[in-house]
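Open your viewer and get ready to select a few stretches one after another. At each stop you will read what to pick and what is there.

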Amino acid sequence: MSKLTKFLRQLKVRRLRRSIDPRHMLRRRLADYVLDYGFEIGDFSGGAPVIRFFGAGKLKVGKYSSIAEGATFVIAGEHPTDTVTSYMLGYSFPEGGMSPENRGLRGPDIVLGSDVWIASNALIRSGVTIGDGAVVGLGAVVIDDIPPYSVVVGNPARVISKRFPNEMIAELLELRWWDLPPAQVESLRALLEGRDIEAFLVACRQCRGLPPKDRAQPQSPPKRLAVVAPSDRAPESPRTHDARRPGPWTEAAISSWCVSYLATLMDVPAERIDVNMTFEKRSTSRSRRTRSPTTPRSPPWRAISRIASMRTRAPDDAWRG
Ligand SMILES: CC(C)(COP(=O)(O)OP(=O)(O)OC[C@H]1O[C@@H](n2cnc3c(N)ncnc32)[C@H](O)[C@@H]1OP(=O)(O)O)[C@@H](O)C(=O)NCCC(=O)NCCS
């Protein structure tokens with residue numbers, strides 16, 4: 001490229017950059033790629049990514065997406081790995097020209113949805129699609145597509161949670177708030193920055209002119225139970241023993257305490273619970289061997305906490321599934 005062509009190109013890029021609304025920060029920043037390689041950057045997206053561009057493909061970003069400094073997009077540049085050499089002989093012997101660079105099945109484009117957050121130093125491989133609302137954690141290495149509204153971390157990036165329950169995600173994807181006119185988005189700002197997703201969905205439906213949706217009554221939050229271990233006082237009777245009242249560390253007391261605890265957890269009368277609990281350790285561990293018959297055993301905390309988590313954990317498809 002001659003000096004004059006270079007200069008003219010720079011002028012063109014500068015003019016394009018100046019013509020872009022500063023609120024569309026990412027498009028402004030990548031103006032040269034937009035001009036030369038047709039990168040498609042949505043309105044209001046921002047960030048400071050590193051682009052490693054190898055001459056094919058493009059980066060497509062939706063609206064309102066944030067890309068932290070140091071996040072790197074590697075676009076094309078996949079050497080063949082199934083040929084005798086992975087070296088690009090075209091570099092050294094240009095007469096034959098370059099062989100096609102991308103021999104993989106996927107195209108080299110990287111596609112980001114809207115409202116995506118890519119954290120610092122994440123690495124995104126060519127050909128990957130990252131769904132709307134997804135979050136890519138600090139330093140993650142993304143080599144596969146990421147479903148909408150999931151949070152991924154690690155190398156290779158894996159989904160650690162979903163941002164919202166599935167039905168909410170479906171509604172968010174249907175409503176596509178990012179496609180609303182900016183004035184409406186601004187009017188929804190408090191809700192967008194809030195944590196009341198239901199309220200946001202209702203307001204967003206109104207903005208879109210859609211009829212209100214029949215919503216299931218919000219479930220009451222799981223009961224938080226005070227778990228107090230029995231102490232050295234005798235319980236009145238094994239079956240009617242109050243979980244919160246102290247008792248001695250006899251096996252019967254622990255058993256009745258567990259029964260009443262389970263009854264409270266499951267909201268059923270204690271009489272309906274028929275469990276044969278045994279707290280004996282199976283192995284002859286050191287503690288078992290050295291324990292005298294009169295020493296009280298510790299309560300089955302692990303089993304109880306597992307039961308408690310079964311009750312209080314959201315179902316698989318729910319929040320942070
Ligand atoms: C991805 C991120 C948003 C997740 O936050 P979170 O939902 O609060 O997740 P948690 O901190 O509860 O972590 C959940 C699990 O993921 C792991 N984890 C979180 N971030 C991780 C990361 N970047 N890499 C590897 N593992 C990570 C945690 O160790 C934890 O594992 P565990 O359940 O086995 O203990 C956050 O960790 C992150 O990377 N923030 C980026 C900040 C940043 O780069 N800002 C730049 C300015 S934009």
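In what order do the 4 strands S1, S4, S7 and S10 form an open sheet, and is the pairing parallel or antiparallel? The order is S1-S4-S7-S10, and the pairing is parallel. Before you go on, note that this is a predicted model, in which local features need pLDDT of at least 70, side-chain atom pairs count only at pLDDT 80 or more, and totals for chains, interfaces and linings use all residues. Residues are numbered from 1 along each chain as its sequence is written.

**Stop 1**

Select 40-41 and 129-130 to see the edge strands, S1 and S10, each of which pairs on one side only. Helices (H or I, at least four residues) and strands (E, at least two) are DSSP runs, numbered from the N terminus. Two strands pair if DSSP finds at least two bridges between them.

**Stop 2: the S3-S6-S9-S12 sheet**

Another open sheet has 4 strands in the order S3-S6-S9-S12, again with parallel pairing. Pick 50-53 (S3) and 141-142 (S12): these stand at the edges with a single partner strand each, so one side of each has no neighbour in the sheet. Next, select residues 72-75 (S6) and 123-124 (S9), which are joined in the parallel sense over 2 bridges. Look for Thr72 here, whose bridge partner in S9 is Leu123.

On the way, click on Asn121, in the loop between strand S8 (117-118) and S9. Asn121 is not a glycine, yet has a positive phi of about 60 degrees. Most residues other than glycine have a negative phi, and most peptide bonds are trans.

**Stop 3: the hairpin and its cis bond**

Select residues 150-153 (S13) together with 135-136 (S11); the two strands pair in the parallel sense over 2 bridges. Val136 stands opposite Val152 in S13.

S13 and S14 form a hairpin with 4 residues between them, and Gly154 in the turn has a positive phi of about 90 degrees. Zoom in on Pro156, in the loop between S13 and S14. The peptide bond from Asn155 to Pro156 is cis, with omega near -5 degrees.

**Stop 4: around the ligand**

Show the ligand and its surroundings, which include Ala68, Ala119, Ser120, Val135, Gly137, Val151, Gly154 and Ile160. A residue belongs to this shell if its C-beta atom, placed from the backbone, lies within 6 Å of the molecule. The shell has 7 nonpolar, 4 polar and no charged residues. Here Ala, Val, Leu, Ile, Met, Phe, Trp, Tyr, Cys and Pro count as nonpolar, Asp, Glu, Lys and Arg as charged, and the others, Gly among them, as polar.

**Stop 5: two helices**

Finally, select residues 166-175 (H5) and 197-207 (H8), which pack at an angle of about 30 degrees with their axes 11 Å apart. Axes are lines fitted to C-alpha atoms, for helices over the stretch in contact, and angles run from 0 to 180 degrees between N-to-C directions. That angle makes H5 roughly parallel to H8; angles under 35 degrees count as roughly parallel. Highlight Met168, Glu171 and Leu175 of H5 and Ile197, Leu201, Cys204 and Arg205 of H8, which make the contact (C-beta atoms, placed from the backbone, within 7 Å). These residues divide into 5 nonpolar, no polar and 2 charged.

Technical notes. Parallel < 35°, antiparallel > 145°, perpendicular 65-115°, else oblique. Contact = placed C-beta atoms within 7 Å.
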